[in-house]
There are 4 protein chains.
Amino acid sequence: MIVILKQNPDRSMVSALIEVFRAQGLSVNLSEGSHTTILGLIGDTSVVDIDAIRANPLVADVRRVSEPYKAANRRFHPADTIVGGPGAEIGQGHFTVIAGPCSVESEQQMVTVANAVKKSGARYLRGGAFKPRTSPYAFQGLHEEGIRLLLEAKRASGLPIVTEIMSETHLDLFADVDVIQVGARNMQNFQLLKELGHSRKPILLKRGLSSTIEELLMSAEYILAGGNPNVILCERGIRTFETATRNTLDVSAVAVLKRQTHLPVIVDPSHSGGVAWLVEPLARAAVAAGADGLIIEVHPSPKTALCDGAQSLDCDQFDELMNGPRGLRARAAFEDKSL
Amino acid sequence: MIVILKQNPDRSMVSALIEVFRAQGLSVNLSEGSHTTILGLIGDTSVVDIDAIRANPLVADVRRVSEPYKAANRRFHPADTIVGGPGAEIGQGHFTVIAGPCSVESEQQMVTVANAVKKSGARYLRGGAFKPRTSPYAFQGLHEEGIRLLLEAKRASGLPIVTEIMSETHLDLFADVDVIQVGARNMQNFQLLKELGHSRKPILLKRGLSSTIEELLMSAEYILAGGNPNVILCERGIRTFETATRNTLDVSAVAVLKRQTHLPVIVDPSHSGGVAWLVEPLARAAVAAGADGLIIEVHPSPKTALCDGAQSLDCDQFDELMNGPRGLRARAAFEDKSL
Amino acid sequence: MIVILKQNPDRSMVSALIEVFRAQGLSVNLSEGSHTTILGLIGDTSVVDIDAIRANPLVADVRRVSEPYKAANRRFHPADTIVGGPGAEIGQGHFTVIAGPCSVESEQQMVTVANAVKKSGARYLRGGAFKPRTSPYAFQGLHEEGIRLLLEAKRASGLPIVTEIMSETHLDLFADVDVIQVGARNMQNFQLLKELGHSRKPILLKRGLSSTIEELLMSAEYILAGGNPNVILCERGIRTFETATRNTLDVSAVAVLKRQTHLPVIVDPSHSGGVAWLVEPLARAAVAAGADGLIIEVHPSPKTALCDGAQSLDCDQFDELMNGPRGLRARAAFEDKSL
Amino acid sequence: MIVILKQNPDRSMVSALIEVFRAQGLSVNLSEGSHTTILGLIGDTSVVDIDAIRANPLVADVRRVSEPYKAANRRFHPADTIVGGPGAEIGQGHFTVIAGPCSVESEQQMVTVANAVKKSGARYLRGGAFKPRTSPYAFQGLHEEGIRLLLEAKRASGLPIVTEIMSETHLDLFADVDVIQVGARNMQNFQLLKELGHSRKPILLKRGLSSTIEELLMSAEYILAGGNPNVILCERGIRTFETATRNTLDVSAVAVLKRQTHLPVIVDPSHSGGVAWLVEPLARAAVAAGADGLIIEVHPSPKTALCDGAQSLDCDQFDELMNGPRGLRARAAFEDKSL
């Protein structure tokens, strides 16, 4: 960590500040230039409170040199983490597709789509029982009934299920859910993250609309620090000035995350683009950039969907995406991954 | 609401679509051009699910013409809403300053700062007991003990208190809190918003880092639709490409909100700029743009603060900001508001 | 085009406004709702001045329904445009790689790199003679001498050359340049675009750092409208809040552009990511998303480069990228394109 | 400047790198930690090429500590710069309003508006003769004839004139123009900036839509380094995700610029908000934040304007803004500035 001091600092105050750092177990290297004095703090700075240093009247600026996350950091855990049980592994050479509708609507819908996506090659079934909607007047999901229908579809198809949690008060309802999703709007709901750290279930953590890659890793760190090592990261598009697409898929984030962390990284091409015709090119780009999997919205009848129908594929489109001549199976094989 | 159809749509399918809209109580106006066919939907479109329409294979695009919020809409409620009891009103000609430290740290800190900011003219005491921190390793607040200390300071100073809630599971602890704050990261924690809609306490709702003005109003709508009319909106800076300031204060949002909604609008100059020397110019700009109040971080000793010290004023700086020759009191008077 | 009127407009003024539109050859469809009155303008609205309409006191808002670009619009020109002569075509099934250093530095550097990239499969040599630099104190390029050295390298290698123009006053110097590049910072230098519209040379038009896809197409329209049909579009990363990468590659823009326009679309993975190790994953993603080519920085000795060395590959890295087991040649073939 | 090395660097290569820096006249301070090795470069680093350092295989990252601009830096030139002649000074206690239409349209329009804005208190007349328009089909300005009409209005009213240049090839036409404006889209047209550095005319430099404050200062540095000390900076709104306003006025930029540079800083509330009703609150906020002046669009008949009518005030609205009970004159006086 680098601490840049204001011009002409009082020397006795600088000495006092250096003592404060030394008392925290850090060693301090002092560089004095004509315009600038700099302190280099060396040691474990992940627990240093950068805000407290900034408030010191001697200090002009503070910059981290090493990453503020530890448990998520590939530097300290070089080997890829694999999340998920046999046949449903995510990470390290496995390429895993999660598919299903935005919202759970009925048993028939769920069983139909579960069987269809399984046949096409998906390894997990997704579906929303609790739906975060911008408007209080929009459909909010079937809640407990939705989870029940997901479990029915799991029984019928054999596919493990992924569904979103919106509050730690609902955790009991998620006892038989295989992967708990934290949505983009809750990526920094720290109370929820802490509770999920006490679980051992795989957590699918979606990047916030305007969260940096580092903030995503810090949110993962909340879960990991709580004792739960099973975190899957998901890039789902960020908010930019561009309005031609619903969000802007940050495909670079996949490559940066794969370098910075050992956790598996998947991509959501459905929410990124916001329209069905963009799912295919964005899914292709994600595979090529090194993603460990995809989460894709599939609905048996998108035009009657209660939510996000515009971005859902129907079952035939999904099968084409998976198994077409240059579909995802062929691409995963080209990248030397198993799907 | 405008529905733009794809080129050369099938006429019988268009007729069927029009019938669907009519069945929802809307009247439909059809415009056919050489390249474009447009449906104008007339009536109460706030309950129409825009996503469902977009998924229809006939539809190229859908655009709202009228605002999706109703209870928060000044069009339907022209008179300004006043939130807060006698002597502590926010809105409609009252200019109200909320001040106090980022985090509650000790009884002495809280009582000192409460008495100081009251003397300088603040009407509410703020202080964080539950702190949303990016890092799990940073100070997270004193929790219950923090609320107890806030209540001590309230008793000692007579100032009503404002503090942030991070989970609906903590609501019992907030029984004696005067104003409950929803932080920027929880602006779209819809489960929390729904619970707060069942309360009658004033809710201070902060704009998310990358939330649009319309999304802020939709989050207010969640609380209002639940039955709680006491919502105060807070602009606290948005995330942009600029890194010279911690966030970018969107001062235009104050003017836009005052036009679009009847709810009071305050500004947080401390989090917007992220450094103490920016508080004064941003506070001045907020008053000039028409804000109904400010929330300002004040700490008796910023350089020892456990959180956000860099952006905190000390008690003397706050007094200067309030009562200096061109301070906030003089400015509020210039704008014909009472402070 | 949709014109949304303010509430309760004066009917005689509405009639007058409708007449104004009819006088421009448009037909007008009037929809009156309880809260909203809407005019649908039907006909060729690309010449309608949206700002002038917005200024009318009756008007609340105006929204385009059809695209404001015509010559660049795939709707009116469905077939792909191919730019470049035999052996160096860009577009429609050809996949073309442009490679070379950020700045032209010496004859030896240019001849070395030209021969190397040609051998690896590049079809064009790039190199900057005029360099747009944020700082006036940074190296600004060799100017005329730089173009002379590019032409030497063209003679030595047989590769056609691509180089950036910074002012229309330099056009004479570009007489023997094969493709003229317009940099991101000049994407809306309309005076330069107009002059390039009078040329017949291929123009490589880079997207501005914060330009929308529609603005990029409107800038292409300037060149096309001037009579020059040879425009290549280039996505090179946009500016967002994320600081982990130099820019954010908008990979969706490739797919959107390929749908909206008939012009070829290439990607610059070097400037997008800003570091050499991101070139490969971003290049892979670009191919997968449907790009017609890439422009990649290659320097014989990146660590001594006078400009942007951090993002340059050396010749061996470039050869590996092109011809490695899952390199760009294999990828282009997988996508059924010739490289 | 801080150079952060990769883990476990080769010691002899580090020594060689240190020698390279010393050869540039810098002194180097080496800090070695368990995970990180850091070099602190001390001396005049404004000429160090940060990209070249980044490309070195030893280097993980480089961060500037001191600002890269010198001539524009208040640290080296503490006193405020005043631009403009007697009666038309901008900066240091003068508050100056520039007003006039977006586009020059006719002699009558210009003379009418010039006399009106002068009477209301404006000190400069603005008007566009060369108009940067996104669409090649939109009105592009009257060019030479426009400048002739501006000069007519200058003669009739006595007001000095401000107008935008779009190419250095037009400089001869600007011989009698008092202040030359560089538009937001040309803020990084470095060839134009260099030419304007050879002039002695005041240059009004507008911030680019997505340019950082530092980039704005670096563009000013191009003009200053060329020998022209007369630069006025203009904040005119930046591009963000928010669509409720045309741009987002970055009011913090005013305060940051006033601290970082000695150059005068004005604000354009017309382009920031994009609608007439936002001009007043944004103008008020700009005065309060410490701006040295404003540039405001005024048109005798906004609804017939050929460009940007929606954001123009008419002459009565402008007079009210200037001279109303809490108008700009009263505000400037409140801030102890002369207008």
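Which residue caps the N-terminal end of α10(A)? The legend to Figure 1 answers this, and the other legends take you to further spots in this predicted model.

Figure 1. A:Asp314 is the capping residue: one of its side-chain oxygens lies 3.2 Å from the backbone nitrogen of A:Asp316, at the N-terminal end of α10(A). The helix itself runs over residues 315-323, and its buried residues are A:Cys315, A:Phe318, A:Leu321 and A:Met322. Looking down the axis of α10(A), you would find these buried residues within an arc of 120 degrees, so they line one face of the helix. The face turned away from that buried side carries A:Asp316 and A:Glu320, which are exposed. What lies over the buried residues? The cover includes the strands β5 (96-100) and β12 (293-297), together with the helices α3 (107-120), α9 (276-289) and α11 (328-334), of chain A.

**Figure 2. Helix α1 of chain A, seen from end to end.** This helix takes in residues 11-23, which makes 13 residues. From its first C-alpha to its last it reaches 19 Å, close to the 18 Å expected at 1.5 Å a residue. Which residues of α1(A) are buried? They are A:Val14, A:Leu17, A:Ile18 and A:Phe21. Because they cover an arc of only 100 degrees around the axis, they sit on the same side of α1(A). On the other side, look for the exposed residues A:Ser12 and A:Ala23. Among the elements of chain A that cover the buried residues are the strands β1 (2-5), β2 (27-32), β3 (37-42) and β4 (59-63), along with helix α2 (50-54). Just after the helix comes A:Gly25, with a positive phi of about 85 degrees.

Figure 3. Start in the loop between β10 (231-235) and α7 (251-260) of chain A, where A:Glu242 has its place. Is A:Glu242 buried or exposed? Its relative accessibility is 5%, so A:Glu242 counts as buried. Within chain A, the side chain of A:Glu242 reaches the backbone nitrogen of A:Ala244 at 2.8 Å. Across to chain C, the side chain of A:Glu242 makes a polar contact of 2.7 Å with the side chain of C:Arg207. Leaving aside residues up to four places away in sequence, A:Glu242 touches A:Thr248 as well as C:Arg207, C:Ser211, C:Thr212, C:Ile213 and C:Asp250.

Figure 4. Over all chains, the structure holds ten aromatic pairs. One of them is formed by B:Phe334 and D:Phe334, which are stacked, with 4.9 Å centre to centre and 25 degrees between the planes. This pair crosses between chains: B:Phe334 belongs to helix α11 (residues 328-334) of chain B, and D:Phe334 to helix α11 (residues 328-334) of chain D. D:Phe334 has a relative accessible area of 18%, so it is buried. Another stacked pair brings together C:Phe190 and C:Tyr222, at 4.7 Å centre to centre and 25 degrees between the planes. Here the pair links distant parts of the chain, as C:Phe190 in helix α5 (residues 190-197) and C:Tyr222 in helix α6 (residues 213-225) of chain C are 32 residues apart. Both C:Phe190 and C:Tyr222 are buried.

**Figure 5. How copies of the chain are arranged.** Chain A can be superposed on chain D by a rotation of 180 degrees with 0.0 Å of shift along its axis, and the RMSD is 0.0 Å. The two copies are thus related as by a two-fold rotation axis. In chain A, the C-alpha nearest that axis belongs to A:Phe241, 2.3 Å from it. Of the interface residues of chain A, 100% are also interface residues in chain D, so these copies meet through the same surface. Chain C is likewise superposed on chain D by a rotation of 180 degrees with 0.0 Å of shift along its axis (RMSD 0.0 Å). For this rotation, the residue of chain C that comes closest to the axis is C:Ser210, at 3.0 Å (C-alpha).

**Figure 6. Chain A as a whole.** Step back and you can find eleven helices and twelve strands in chain A. Its C-alpha trace spans about 75 × 45 × 40 Å along the principal axes. Of the 339 residues in chain A, 65% are buried.

Notes
Residues are numbered from 1 along each chain as its sequence is written. Chains are lettered from A and ligands numbered from 1 in the order in which they are written. This is a predicted model: local features need pLDDT of at least 70, side-chain atom pairs count only at pLDDT 80 or more; totals for chains, interfaces and linings use all residues. Side-chain values use heavy atoms; hydrogens and water are left out. Copies are superposed by least squares on the C-alpha atoms of residues with pLDDT of at least 70 in both. Contact means heavy atoms within 4.5 Å. Helices (H or I, at least four residues) and strands (E, at least two) are DSSP runs, numbered from the N terminus. The expected span of a helix is 1.5 Å times one less than its number of residues. Buried means under 20% relative accessible area, exposed over 50%, partly exposed in between (1.4 Å probe, protein chains only). The arc is that of the directions from the helix axis to the C-beta atoms. A polar contact is a pair of N or O atoms within 3.5 Å; within protein, one must be able to donate a hydrogen and the other to accept it, and residues adjacent in sequence count only if both atoms are side-chain atoms. Rings of Phe, Tyr and Trp (its six-membered ring) pair if their centres lie within 6.5 Å; planes under 30 degrees apart count as stacked, over 60 as edge-to-face and the rest as tilted.
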